[in-house]
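The following note is meant for a colleague who is opening this entry for the first time. Please read the numbered points with the model in view.

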Amino acid sequence: MANCGSTQGRAGPAPGARRSPGTDLSPGAQRLVHVNGRVQPGEVVVVVTDPAMRRYADAVGAAAREAGAAVTVCIIPTRDQDGQEPPPPVARAMVEAAVIFSPVRISITHMRAMRAALKAGARVCMMTAYTDAIMTSPALLDTDFEAQADVCHRLGAAFTGGGTVRLTSPRGTDLRFGIEGRVANVLTNIPEPGELAPVPDIEVNVVPVTGSAEGTLIADASVPYLGIGVLEEPIVCSVAAGTIVEMTGGSQADILREHLESFRDPLCFNVAELGVGLNPNARLTGEMLEDEGVMGTIHIGIGTSHTLGGEIVAPTHYDLLMWEPTIEVDGRVVVRGKQVLA
């Protein structure tokens, strides 16, 4: 079941919400609404949340109402896994929204309902697994998102115009794949209609041609899912024909591999994404929406690629982060560590 309630004009939290003392969430909520979401008076805003994340939904909803928006808060049960579809009433509300905020514990990014909302023109600010630390972080409060937009678009153009990628790292990553015909996703975190913004993660990502990835992937930064977080030991993945065929490392690698194997679906191991972190104020914390924006890291997404512009629909989508990448597009270096050379 889901509960969607219109809260236009109501100044306080949604009925039944519990107020938590301590951290002031309003500065972060104001940034999300005015800087990232750019909410305008009269716009329809939908906040999708779950019981564990109501504090963040209430803060963002209040800021959006103060901005003059017509706000609907949809409370869904906490999802069992990433990408699980919402109840039909929530999916319908999302399609009708001008702006969507999603403070949820488990990601709803990679699902058909989100794709439909984007196709209808929604501007989406993802708030998956938000914490007080993210809501008050320099990555959100101090970042000049507009100033980073140019470098994002330059790197996006390099990916969109490219044919082949080689990714290497000091740890031993050496992965190659095709990107011909792919259009990069440029996530400035100031979304236009039909765009996602995983705030405060600034990134550019591209989907490899399905089945083209070959080589070795070594994640040494974090896997900000499943409680894994910052890596204590590298996770080493052998890749063939676009799929991870072997995953080794310490106990954290075991957690990830065993979880993926539990679905009994080889598509969970599909190499689905190359993403480049571009937020100069982001720090590695083990939380997805900040980790994936850290400059000097890249992430390889595995599983579903459909939401990003690919063809694969899998039960999951997780990201493996590494430090100090070098990325070549058609033999030309476009990223080296924290430098974008495109």
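**Notes on the predicted model**

1. Helix α3 (residues 88–95) has three buried residues, Val90, Ala93 and Met94; buried means under 20% relative accessible area, exposed over 50%, and partly exposed in between, with a 1.4 Å probe and protein chains only. These residues span an arc of only 100 degrees around the axis, which places them on the same side of α3; the arc is that of the directions from the helix axis to the C-beta atoms. Pro88 and Arg92 are exposed on the face of α3 turned away from its buried side. Helices (H or I, at least four residues) and strands (E, at least two) are DSSP runs, numbered from the N terminus.

2. This is a predicted model, in which local features need pLDDT of at least 70 and side-chain atom pairs count only at pLDDT 80 or more, whereas totals for chains, interfaces and linings use all residues. Residues are numbered from 1 along each chain as its sequence is written, and side-chain values use heavy atoms, with hydrogens and water left out.

3. Helix α4 (residues 112–119) has Ala113, Met114, Ala117 and Leu118 as its buried residues. They cover an arc of only 140 degrees around the axis, which puts them on the same side of α4. Arg112 and Lys119 are exposed on the other side of α4. The cover over the buried residues of α4 includes α3, β4 (99–102), β5 (123–126) and β9 (196–197). Gly121, which follows α4, has a positive phi near 105 degrees.

4. Gly215 belongs to strand β11 (residues 214–219). It counts as partly exposed because its relative accessibility is 25%. Beyond its neighbours within four places in sequence, Gly215 is in contact with Asp174, Leu175, Cys237, Ser238 and Val239; contact means heavy atoms within 4.5 Å. Gly215 and Asp174 are 41 residues apart in sequence, and their C-alpha atoms are 5.7 Å apart in space.

5. Some backbone geometry deserves attention. Most residues other than glycine have a negative phi, and most peptide bonds are trans. Val199 and Pro200 are joined by a cis peptide bond, with omega about 5 degrees. Pro200 is in the loop between β9 and β10 (203–206).

6. Leu226, a residue other than glycine, has a positive phi near 60 degrees. It lies in the loop between β12 (222–223) and β13 (229–230), and its relative accessibility of 36% makes it partly exposed. Arg264 is not a glycine either, yet has a positive phi of about 55 degrees. The loop that holds Arg264 runs between α8 (251–261) and β16 (271–277); with a relative accessible area of 79%, Arg264 is exposed.

7. For the protein as a whole, the secondary structure comes to nine helices and 21 strands. Of its 342 residues, 58% count as buried. Among contacts between residues at least 6 apart in sequence, 72% join residues at least 24 apart.

8. Along the principal axes, the C-alpha atoms fill a box of roughly 55 × 40 × 35 Å.
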